[in-house]
Amino acid sequence: MIVITAPTGNIGRRLLSLLAEAAPAHGEELRVVVRDPARLPDGVRRRVDVVTGSHGDAATVARAFAGADAVFWLVPPDASLTPHEAYSGFTRPAAEAFADHGVGHVVGVSALGRGTARESRAGLVTASLAMDDLIAGSGVAYRALACPSFYENLLEDAESIREHGVFTDTADADRRAPLVAAADIAAAAAGLLLERSWSGVGTVPVLGPRDLSPHDLARVMTEELGRPVRYERQSLDDLRATMLGHGLAEAFVEGMVDMKRAKDEGLDEGIDRASRAVVPGTDFAQWCARTLKPAVLAAPEATGGR
């Protein structure tokens, strides 16, 4: 029995699709924890056991983990909480339930940065790494999928790219860093959940095949979209003001700002691809052609734009 948390999110829905196809051949049953079962695809909903509720709730995870052998763990974003509450606070009931129900293996979505000089001052990333320690301390075999920023973050700029040919971030325009597609994280998780010969605690970096700077991203997007795209750097102060203006909690906003600052100082650049195994992922040009281009070229009303 494999339990999937956050099965309707950007990573979880892809993982659920992969496991729904592959699990029967491995003799595995699937269970999902979801707040709203109606958001599950009809064809999949009939093939999995559904536990309704939040996986941050002790009673819900007690039901979900009964009889489970493995769990996919992903903390949903919650901008109303402090980073510590959002990660370790949310995870604590599950960490206790792993031991209570004899769960043997857990695969979690986390972040790059462990072992770097910026590990302890990276905001949301620091909180995510503390969550890993909490899970590891529960006694399960644990693999943290250490991820950089997602390609999918660029979808938030689809309207700006369509209307103005501009995308924004806070990184130096020439700083190269790894990125990853959500589909590659799901594929890495599926492989670990289906083949559970691993033990102990470890980290699995999941990266795209090349480190890219914002200028590199702009060049590739220009080529793939067939229109000029340029990068505009946003200051951390402007980012803070924008997020606070949207009503996000100050502690969460500071966690985001600290993470962005740490990334621009090289937080994600501690992976030596040549000396350790990493999970290679989707090339950015491929992702642009398959995912970003349809979003940018879509009519504004189809994407919720103005």
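The model is predicted, and local features are taken only where pLDDT is at least 70 and side-chain atom pairs only at pLDDT 80 or more, while totals for chains, interfaces and linings use all residues. Residues are numbered from 1 along each chain as its sequence is written, and side-chain values use heavy atoms, leaving out hydrogens and water.

Ala6 sits in the loop between β1 (2–5) and α1 (12–22); here helices (H or I, at least four residues) and strands (E, at least two) are DSSP runs, numbered from the N terminus. Ala6 is not a glycine, yet its phi is positive, at about 50 degrees. Its relative accessibility is 16%, so Ala6 counts as buried. Buried means under 20% relative accessible area, exposed means over 50%, and partly exposed lies in between, with a 1.4 Å probe and protein chains only.

Next, please find Glu152, in the loop between β7 (149–150) and α6 (158–164). Glu152 is buried but has no salt bridge, and the nearest side chain of opposite charge, that of Arg14, is 4.3 Å away. For charge, Lys and Arg count as positive and Asp and Glu as negative, with His and the chain ends not counted. A salt bridge asks for a side-chain nitrogen of Lys or Arg within 4 Å of a carboxyl oxygen of Asp or Glu. What Glu152 does have is a side-chain polar contact with the side chain of Trp287, at 3.2 Å. A polar contact is a pair of N or O atoms within 3.5 Å; within protein, one must be able to donate a hydrogen and the other to accept it, and residues adjacent in sequence count only if both atoms are side-chain atoms. Setting aside neighbours within four places in sequence, Glu152 is in contact (heavy atoms within 4.5 Å) with Asn10, Arg14, Val180, Ala181, Ala182 and Trp287.

Another loop, between β8 (166–169) and β9 (179–180), holds Ala173. With 17% relative accessibility, Ala173 counts as buried. Apart from residues up to four places away in sequence, Ala173 touches Ser213, Pro214, His215 and Tyr231. The C-alpha atoms of Ala173 and Leu212 are 10.0 Å apart, although 39 residues separate the two along the chain.

Now turn to helix α9 (residues 236–245), whose buried residues are Leu239, Arg240 and Met243. Viewed down the axis of α9, these buried residues fall within an arc of 100 degrees, so they line one face of the helix. The arc is that of the directions from the helix axis to the C-beta atoms. Exposed residues Asp237 and Gly245 are on the face of α9 turned away from its buried side. The cover over the buried residues of α9 includes α10 (250–264). Just after α9 comes Gly247, with a positive phi of about 90 degrees.

How many disulfides does the structure hold? There are 0, a disulfide being a pair of cysteine sulfur atoms within 2.5 Å. Cys147 is in no disulfide, and the nearest cysteine sulfur, that of Cys288, is 19 Å away. Cys147 counts as buried at 3% relative accessibility, and Cys288 is buried with a relative accessible area of 0%.

Salt bridges, by contrast, number 22 in the structure. In one of them, the side chains of Arg121 and Glu265 meet at 3.0 Å, N to O. Arg121 is in the loop between β5 (105–111) and α5 (124–136) and Glu265 in the loop between α10 and β12 (279–280), so the pair ties together parts 144 residues apart in sequence. Arg121 is partly exposed at 46% relative accessibility, as is Glu265 at 30%.

A further salt bridge joins Arg176 and Asp216 at 2.7 Å, N to O. Arg176 lies in the loop between β8 and β9 and Asp216 in helix α8 (residues 214–225), so this pair links parts that are 40 residues apart in sequence. Arg176 is partly exposed at 49%, whereas Asp216 is buried at 8% relative accessibility.

Finally, Arg230 and Glu232 form a salt bridge with their closest N and O atoms 2.7 Å apart.
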